[in-house]
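Biologist: I would like to go through this structure one question at a time. Please show it first.

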Amino acid sequence: MPRFHVTARAEASATVAPATPAARGSATAAGRLISLDVFRGATVAAMLLVNAPGSWSAIYPPLRHAEWNGWTPTDLIFPFFLFIVGVTTHLSLMARRKRGDDERALVRQVLRRGVVIIVLGLLVSAFPFFPRDWIAHLRIPGVLQRIGVVYLCAGLIVLRSPPRTQLLIAGAILVGYWLLLALAPVPGVGPAALAPPDATLAAWLDRLLLGGHLWPETRTWDPEGILATVPAVATALLGAAAGRRLTRPEPLSVRLNQLFGAGAIATVGGLVWSWGFPINKNLWTSSYVVFTAGLAAMSLATCTWLIEERKAAWWVHPFVVFGVNPITAFVGSELAARLIYTVVRVPYGGASVPVETAVFRAAFASWLPARAASLAFAIVFVACWYVVLAALWRRRIILKV
């Protein structure tokens, strides 16, 4: 079973006092920037918001994923989180090295955390453990599973290779993935194809290796499938590069300008690349990696500038609450959603319906337009989880794998 650590709030989110005025606001081995918790918290809150609408048939377009090629704001959430995984991986390993941990201890940490996250993902997929053939139909890929695999791969690469090699590995992954999807023929289909979804090389590999363990909504391919997880590792490696930039011994304004500038170049580069290799979240295309990493770098730089440089921190508390307990927020909300959307049923309108349906119809759809009602339900869902996480925050309880 997974192991959890309960830590004090100050240990998990303290802003480190800089050693010199020039290094003011820097994230160092002893801690991390509050702005990083805020950025992660905003990402987690957005993830909960788009995952819990009142009605899946009534959603505002920005809160939907792109059907295939292209992107919406919702398609930024997952790569932003993996980018943050890369940033925190660099900060965590740097901190433990400075505390004197040897390489074996660091490798054990990476392996243990990665495996625990994967196991958590499988447990979430299995919940609520229906006794009839649940193992035979268990979805093996998933969001947490991808996070765990990406953390394992990126963590070991960051641990065992110098910065330039890490960037070379990321570049090789992106170029190699591009050439593979653009040139390799798909068995049973013919020439390389990027559409329809079930005709791609990634879909063929998912069916070959995972069979009946794919996302039940599609069955023939999986949005968190095997092949598309490889370029996701590059997303985390680019996040690690951003983490190194934030820890350099230079004035904060210089570091933020460099990070924002690099992000702007990457964003434009990803858009240009998309002319030949479309931005596609489900395939996690190379253009999507570069484009979203650029936006994540600019977002992190802006957040850090507001909080650490301009000291405009009056608004950060709710996001810090989400940001310091991301595993609790994600796992807890997924389990709660399974219960209220499918498992727990109540009588309503002469029929037995999921409790979510009853609440949505009675409290929101009865007086609001369909899309507004659906969004209002999602906002209340996020607010309820804020109350839970704030209670943990007040008690200084932070669950970390």
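Biologist: Leaving aside its neighbours within four places in sequence, which residues is Asn280 in contact with?

Modeller: Note first that this is a predicted model. Asn280 sits in the loop between helix H9 (252-273) and helix H10 (286-309). Once neighbours within four places in sequence are left aside, its contacts are Trp68, Asn69, Thr285 and Tyr288.

Biologist: Is Asn280 buried or exposed?

Modeller: Buried means under 20% relative accessible area. Asn280 has a relative accessibility of 0%, so Asn280 counts as buried.

Biologist: Which backbone nitrogen does the side chain of Asn280 reach at 2.8 Å?

Modeller: A polar atom of the Asn280 side chain lies 3.0 Å from the backbone nitrogen of Asn282. At 2.8 Å, the side chain of Asn280 reaches the backbone nitrogen of Leu283.

Biologist: How many residues apart in sequence are the parts that Glu224 and Lys281 tie together?

Modeller: The side chains of Glu224 and Lys281 form a salt bridge, at 3.6 Å from N to O. Because Glu224 is in the loop between H7 and H8 and Lys281 is in the loop between H9 and H10, the pair ties together parts whose separation in sequence is 57 residues.

Biologist: At roughly what angle do the axes of helix H13 and helix H14 cross?

Modeller: Residues of H13 including Phe360 and Phe364 meet residues of H14, among them Ala373 and Phe377. The contact divides into 9 nonpolar residues, 1 polar and 1 charged. The crossing is right-handed. The axes of H13 and H14 come within 10 Å and cross at roughly 115°.

Key
Residues are numbered from 1 along each chain as its sequence is written. This is a predicted model: local features need pLDDT of at least 70, side-chain atom pairs count only at pLDDT 80 or more; totals for chains, interfaces and linings use all residues. Side-chain values use heavy atoms; hydrogens and water are left out. Helices (H or I, at least four residues) and strands (E, at least two) are DSSP runs, numbered from the N terminus. Buried means under 20% relative accessible area, exposed over 50%, partly exposed in between (1.4 Å probe, protein chains only). A polar contact is a pair of N or O atoms within 3.5 Å; within protein, one must be able to donate a hydrogen and the other to accept it, and residues adjacent in sequence count only if both atoms are side-chain atoms. Contact means heavy atoms within 4.5 Å. Axes are lines fitted to C-alpha atoms, for helices over the stretch in contact, and angles run from 0 to 180 degrees between N-to-C directions. A crossing is left-handed if the near helix is turned anticlockwise from the far one by less than a right angle, and right-handed if clockwise. Ala, Val, Leu, Ile, Met, Phe, Trp, Tyr, Cys and Pro count as nonpolar, Asp, Glu, Lys and Arg as charged, and the others, Gly among them, as polar. A salt bridge is a side-chain nitrogen of Lys or Arg within 4 Å of a carboxyl oxygen of Asp or Glu.
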